[in-house]
Amino acid sequence: MDFMTALEIGASGLSAERTHLNIISMNLANVNTTRTPEGGPYRRKSVVFQATPLDSPFTKAMRSELEREVKGVKVSGVVTDQRPLRRVYDPGHPDADGQGYVSLPDINVVEEMANMMTALRTYEANAATISSAKTMFNKALELGR
Amino acid sequence: MKSLFGSHIHLQGKVLDMRLERQNVVAGNLANIKTPGYKARSLEFEDDLQRALGLDARGKMTRTSPDHMPAEFDARKFSADFIKDLKPRVVQGEDAVDLDKEMTTMAKNTLLYNTLITTLQKNFEGLKTVITEGGK
């Protein structure tokens, strides 16, 4: 039952959304990438979110069930999208195959932009929870004046 | 309880605690807005609190017999109901948290929290006035 819980949850949301945004910009930057360190064209990446408890096991055991149920969020992993590659006829490309086709990542710019807006709005919502908690905190401090 | 602080001050403290907890619950929901399979949670205490206070929404006593004495509210014995929404709303297989609802809950909660703090402040100011004026 403290203020820091609200701030920690907000912070976990902010950091998860920032990771999401990084992954989206990576996808957008690599729209036409045909060479990667792993070999072959770039594969679209996406993030997996997971609800996560905020406390260490000890504080967890000491707290009430209600407080244990309130969870933050984290990015549990970055997964590679298995959608098939886009094949474009471009015989002049250095990575073109025998028939003159180049394999490019199947990244839909509109889809990525939509995801980016979602990440942005979620980030804003989390920032709003933090500023809300801060308002409450400051108001409670006024009691001591 | 006849003392420097009226019993309402314990009630106000309890409600502030509840509102803070609700802020935490809403923050948790908003952080997990894109977590697959996450179910929105909410914290309800108003109705139970009214009942514990022996009042209904119109502020009237609800004693079942005139012989009953109105019991004094004990802030330590009161706790909120924690509700897990068991039917997540599925939109494109991911979001179970209603953003509009959560943001409104949060705004309402913060406003009521701040109002309660202001009434508490006024209460203390009143006490101070009585003390300083009485000492003259």
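Q: Which residues does A:Thr129 touch, not counting residues up to four places away in sequence?
A: A:Thr129 touches A:Gly10, B:Gln23, B:Ala27, B:Leu30 and B:Met106. Contact here means heavy atoms within 4.5 Å. The model is predicted: local features need pLDDT of at least 70, side-chain atom pairs count only at pLDDT 80 or more, and totals for chains, interfaces and linings use all residues. Residues are numbered from 1 along each chain as its sequence is written, chains are lettered from A and ligands numbered from 1 in the order in which they are written, and side-chain values use heavy atoms, with hydrogens and water left out.

Q: Why is A:Thr129 called buried?
A: Buried means under 20% relative accessible area, exposed means over 50%, and partly exposed lies in between (1.4 Å probe, protein chains only). A:Thr129 has 0% relative accessibility, so A:Thr129 counts as buried. Its place is in helix α4 of chain A.

Q: What makes α4(A) roughly parallel to α3(B)?
A: Helix α4 (residues 109–142) of chain A and α3(B) pack at an angle of about 10°. Their axes are 9 Å apart. Axes are lines fitted to C-alpha atoms, for helices over the stretch in contact, and angles run from 0 to 180 degrees between N-to-C directions. Angles under 35 degrees count as roughly parallel, over 145 as roughly antiparallel, 65 to 115 as roughly perpendicular and the rest as oblique. Therefore α4(A) is roughly parallel to α3(B).

Q: Which residues of α4(A) and α3(B) meet?
A: On the α4(A) side they include A:Ala125, A:Ala128, A:Thr129 and A:Ser132. On the α3(B) side they include B:Leu99, B:Met103, B:Met106 and B:Tyr113. The residues of this contact divide into nine nonpolar, eight polar and two charged. Ala, Val, Leu, Ile, Met, Phe, Trp, Tyr, Cys and Pro count as nonpolar, Asp, Glu, Lys and Arg as charged, and the others, Gly among them, as polar.

Q: How many helices and strands are there in chain B?
A: Chain B has three helices and two strands. From the N terminus on, they run α-β-α-β-α. Helices (H or I, at least four residues) and strands (E, at least two) are DSSP runs, numbered from the N terminus. Of the 136 residues of chain B, 37% count as buried.

Q: Why is B:Gln12 called buried?
A: B:Gln12 has 12% relative accessibility, so B:Gln12 counts as buried. Its place is in helix α1 of chain B. Leaving aside neighbours within four places in sequence, B:Gln12 is in contact with B:Leu116, B:Thr119 and B:Leu120. B:Gln12 and B:Leu116 are 104 residues apart in sequence, and 7.1 Å apart in space, C-alpha to C-alpha.

Q: Why is B:Phe124 called partly exposed?
A: B:Phe124 has a relative accessible area of 32%, so B:Phe124 is partly exposed. Its place is in helix α3 of chain B. Not counting residues up to four places away in sequence, B:Phe124 touches A:Leu143, B:Phe5 and B:Ile9.

Q: Which element gives the most to the lining of the second largest pocket?
A: That is α3(B), with seven residues. The lining has 19 residues, and B:Ser42, B:Leu43, B:Glu44, B:Lys101 and B:Thr105 lie nearest the pocket's centre. By class, the lining has six nonpolar, four polar and nine charged residues. On a 1 Å grid over the protein atoms alone, a pocket is an open set of points where a 1.4 Å probe fits, with protein on both sides within 12 Å along at least five of seven lines; lining residues have an atom within 4 Å of a point.
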